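Please keep the sequence and the model in view while reading.

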Amino acid sequence: MQSKLGKYELVKTIGRGSWSKVKLAINKIDQTEVAIKIHKLDHPDLNQEKVIIIQNEAKLLARIEHKRIVNIVEYYTKQVVEKSDGFKYDVVCVIVNELAKGGELYYYIKNSGAFLEREARYLFLQILEGLEFLHSQGVCHRDLKPDNILLTENYDVKISDFGFSGPLAGRSGDGLLRTHLGTLPYQAPEINLKLKYKGQNVDIFSLGVILFNMVIGVFPFRIAHQTDQCYRQIMKGQTGQYWKYFKSIVARNGGQPFSQDFKDLIERMLEFNPDKRIMLDQIKKHKWVTSRDVPSPNEIRIELARRKAINEIEEQKDLAQKMQKRNTLQNYQKLKNIKNVYQDEEKQKRQRNKMAKSKDETSDQYLLKNASNIKGCQDQIRGINHDQIHQQSIINIHV
């Protein structure tokens, strides 16, 4: 029997956030599958500020709908989860979304490595389409990363997780945002420097990191800051050294050499100065983006299906490792309990021996203390002993 939340059966956990879980669920009425993001009421990190962020995400999703955006089905401010054993607990800010069965783009890179440029281009164009729509609605995402790029059953892109989204116009209408958030190393340098920033600029920077990650298979730097050696080379225009380093990484991993157009687009998207950074309309016209070297939908689906099969194998391995770890911990606990019982028995044994020894010592002390009395009564004692022996002898004779 599965856990339940209203009309939904909760099947399994398919994702986790900073203070939430995403569950695969089935609508018991029409049997449709959905993804439900739930937040436990007693979660230590869930405060009023976080609740406002979640509510903003729900409000945003409720007013936008697009084929490249994960669309909301419904929203509950509060609900109750009933587990299979009957135990119930409260959850809040429950967002029910359409299900993207392909999963996160992150795992397609993590488990199978870099994409060919033509394959990355196919996915990049779809992400670009979704981001352009989002910006046309006056909204920036502010947390773009492969984890938040989902794939459908047919391997089409859906942008998800709008908890950090904000208005392009800014909170005060000046076109600038001030909240410093996101995920390293996808954050733009202006966020890392804690400056005011434009939402579209930071989204483009994050998109550049995603594209780099898809084609090279690793991150372009640890953090977009002058303290990072790789990003410092971009800041100073030392791109020759920069690309030489990543060329060696690609060669070592058996990847394909990257094109000059790809390098140019990346450099312009990861530009330190946000005012000089390439904009969406310019990206759409860039030579790398407009190239006709793009796989057909069928070709990309075959490649992504191959990668998804690897994802499923890795997921089973991870599950087996977790089970093994849990069993190891359980066995360790059993051994620890046995050890504790043994130690308790040993402790009790030592206490009994100590008590017995103490008793013996007390008897000896008593005899020593009364030695003079015993000495004075030796004849009497001998007489008693003689009588006892004699009586015993008589009994033995009679027997």
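The sections below treat the basis of the model, its cysteines, its surface patches and its salt bridges.

## Basis of the model

The model is predicted, so local features need pLDDT of at least 70 and side-chain atom pairs count only at pLDDT 80 or more, while totals for chains, interfaces and linings use all residues. Residues are numbered from 1 along each chain as its sequence is written, and side-chain values use heavy atoms, with hydrogens and water left out.

## Cysteines

A search of the whole structure finds zero disulfides, a disulfide being a pair of cysteine sulfur atoms within 2.5 Å. Cys-93 is buried, because its relative accessibility is 3%, and Cys-140 is buried at 0%. Here buried means under 20% relative accessible area, exposed over 50%, and partly exposed in between (1.4 Å probe, protein chains only).

## Surface patches

Patches are made of residues with over 30% relative accessible area and no salt bridge; like charges are joined within 9 Å, and nonpolar side chains (Val, Leu, Ile, Met, Phe, Trp, Tyr) within 5 Å. A patch of positive charge on the surface consists of Arg-16, Lys-21, Lys-40, Lys-83 and Lys-322. Of these residues, Lys-83 lies in the loop between β5 (72–82) and β6 (88–98) and is partly exposed at 37% relative accessibility. Strands (E, at least two residues) and helices (H or I, at least four) are DSSP runs, numbered from the N terminus.

A nonpolar surface patch is formed by Leu-193, Leu-195 and Phe-272, which together have about 240 Å² of accessible area, calculated by the Shrake-Rupley method with a 1.4 Å probe. Leu-193 is located in the loop between α4 (189–192) and α5 (199–216).

## Salt bridges

The structure holds 18 salt bridges, each a side-chain nitrogen of Lys or Arg within 4 Å of a carboxyl oxygen of Asp or Glu. In one of them, the closest N and O atoms of Lys-101 and Glu-33 are 3.0 Å apart. This pair links distant parts of the chain, 68 residues apart: Lys-101 is in the loop between β6 and β7 (103–104), and Glu-33 is in strand β4 (residues 33–40).

Asp-293 and Arg-118 form another salt bridge, at 2.8 Å from N to O. Asp-293, in the loop between α10 (287–290) and α11 (297–369), is 175 residues from Arg-118 in helix α3 (residues 117–136). Glu-312 and Lys-308 also form a salt bridge, with closest N and O atoms 2.8 Å apart; these residues are separated by about one helical turn because they are four residues apart in helix α11. Salt bridges that share partners also join Lys-37, Glu-57 and Asp-161 into one network.

Methods
Lys and Arg count as positive and Asp and Glu as negative; His and the chain ends are not counted. The place of a charge is taken as NZ of Lys, CZ of Arg, CG of Asp or CD of Glu.
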